[in-house]
Amino acid sequence: MAAKIQYGVIPYICGKGAKRGSKIILVTSKTNGYWIFPKGNPVKNKTSIQSAKQEAYEEAGLTGSITGPNNYSFSIHDKGGTYTIILFPMKVKNVLEEWPEMSERNRTVTSVGEALQLIRYSELQYCLKQWHQDNYCS
């Protein structure tokens with residue numbers, strides 16, 4: 001069975017002035033309610049980055065721009081298949097009041113440290129730590 005791929009984002013907001021420090025935006029999974037990054041299957045006729053940005057909009061009501069040269073990826077084995085997840089850093093421009101999956105998911109804006117405590121999947125924690133080390137908000 002061929003590996004499947006999913007694209008997503010690590011959505012962040014850089015703090016300014018008294019609100020120093022990066023903020024991370026997480027959503028809950030529809031299947032188990034765990035905190036995750038917005039991600040999903042490739043969208044037909046869209047690039048990997050366009051697919052990732054569409055997932056950010058649909059799942060979390062976020063718009064923004066993909067930043068930096070790095071992306072973060074990992075593979076998981078689930079339900080008899082292998083999935084490769086590629087996450088792109090996305091500097092959030094808008095956090096919308098309404099979005100397509102708002103009735104199916106929760107969303108939170110939190111510090112990097114809090115996000116690491118909320119995320120249960122070690123692979124997602126690892127990607128967030130790598131992103132944080134790359135220091136996109138400096």
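Here's a quick tour of the disulfide and the salt bridges in this predicted model.

Let's start with the cysteines. Searching the whole structure turns up one disulfide, and it joins Cys-14 to Cys-137, with 2.0 Å between their sulfur atoms. This pair connects distant parts of the chain, 123 residues apart: Cys-14 sits in the loop between strands S1 (4-13) and S2 (23-28), while Cys-137 is in the segment after helix H3 (122-134). The link is left-handed, at -85° about the S-S bond. Cys-14 is buried, at 19% relative accessible area, whereas Cys-137 is partly exposed, at 26%.

Cys-127 is buried, with a relative accessible area of 1%.

Now for the charged side chains. The whole structure holds three salt bridges:

| Salt bridge | Closest N to O |
|---|---|
| Arg-105 and Glu-59 | 3.3 Å |
| Glu-101 and Arg-105 | 2.6 Å |

Glu-59, Glu-101 and Arg-105 belong to one network, joined by salt bridges that share partners. Arg-105 and Glu-59 are both buried, and Glu-101 is buried too. Arg-105 lies in the loop between S7 and S8 and Glu-59 in helix H1 (residues 48-60), so their bridge ties together parts 46 residues apart in sequence.

Lys-30 and Glu-104 also link distant parts of the chain, 74 residues apart. Lys-30 is partly exposed, with a relative accessible area of 47%, and Glu-104 is partly exposed at 40%.

Definitions and conventions:
Residues numbered from 1 in each chain as written. Predicted model: local features only at pLDDT ≥ 70, side-chain atom pairs only at ≥ 80, totals over all residues. Heavy atoms only, no water. Disulfide = S-S within 2.5 Å. Helix = DSSP H or I, 4+ residues; strand = E, 2+ residues; numbered from the N terminus. Buried < 20%, exposed > 50% of the residue type's maximum accessible area, 1.4 Å probe, protein only. Salt bridge = Lys/Arg side-chain N within 4 Å of Asp/Glu carboxyl O.
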